[in-house]
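Please have a look at the screen before I go on.

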Amino acid sequence: MKAIVGTLVVIGTLLGGYLPHGSFGIMIQPLELVIICGGALGAYIIANPGWVIKAGFAQGIGLMKPSPYNKELFMELLGLMFKIFNKARREGLMSIEADVEDPHSSDLFNSAPKVAANHHAIDFICDYLRLMISGASNPYQLEDLMIVELDSHHHEALMPSAAIGKVAEALPAFGIVAAVLGIIITMSYLDAGPMEIAHHMSVALVGTFLGILIAYGFIAPIASDLANRAEAEGAFFSTIKTCLMANLNGYAPQVAVEFGRKAIPSHERPTFQAVDEYLQTQK
């Protein structure tokens, strides 16, 4: 919704400032759009691996939905971690082995449907719980391993936004290419009347305008929002890591969850009282 509102604001303000003095018809130049957008799309395809191309389109479309990394998701995550740690503490680590081996059939994981829908998060949780069950109890080694994995994951998560950001940087140049081609066409009309020459010059300049508008009005903001979501995802995984490490270091389940709560970004972090009340319902 935020992306749709922002797009409408960009278009509305531009048209509101232009239409009282200009013609909308001159702005409709599909061939200019073919040159600009087609050139940018081709460069995007050349420059990036297939999975980045697909992720860029999929995540761009996903911006029409609110970010899933909100206070409700973090609260549900804390509740899930508490239940896992509580069961392991009361019944032993082996009691959660079946849950870890098949999380999609586990009542424990399915009690947190928003978290369970994120298969990367579930895989991350289960991989490290499996290591702990298998006897990997050195907190320093496990933390180093988590850091390496999260750094790699975060780098990959930022690649689609970086690729789209490069497209935004290139679009004004493709607008200039379209404008230059328009001027070349205009040169063949120098023996025509001044109004016809002015029309062709206007069409050429529209190319520059469209390249800059598409770049800074639409594509660059999309790249920035994708980067913001990647950062939010990184904070989500960091919360998981903090909870796991606190539990591995021997803290009680509720204390380990409090460690995780403090790792949540401040604008999404629930209060201690809210988490405490929520955990009372999870026992």
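How many salt bridges does a search of the whole structure find? The search finds six, where a salt bridge is a side-chain nitrogen of Lys or Arg within 4 Å of a carboxyl oxygen of Asp or Glu. Please keep in mind that this is a predicted model, in which local features need pLDDT of at least 70 and side-chain atom pairs count only at pLDDT 80 or more, while totals for chains, interfaces and linings use all residues. Residues are numbered from 1 along each chain as its sequence is written, and side-chain values use heavy atoms, with hydrogens and water left out.

Let me begin with Asp-99 and Lys-87, whose side chains form a salt bridge at 3.0 Å, N to O. Asp-99 belongs to helix H5 (residues 97-101) and Lys-87 to helix H4 (residues 71-91), so this pair ties together parts 12 residues apart in sequence; helices here are DSSP runs of H or I, at least four residues long, numbered from the N terminus. Asp-99 is buried, at 10% relative accessible area, whereas Lys-87 is partly exposed, at 25%; buried means under 20%, exposed over 50%, and partly exposed in between, with a 1.4 Å probe and protein chains only.

Turning to another pair, Glu-143 and Lys-241 meet at 3.4 Å, N to O, and they link distant parts of the chain, with Glu-143 in helix H9 (residues 139-187) and Lys-241 in helix H10 (residues 194-248), 98 residues apart. Glu-143 is partly exposed at 27%, and Lys-241 is buried at 14%.

Note on methods: Helix = DSSP H or I, 4+ residues; strand = E, 2+ residues; numbered from the N terminus.
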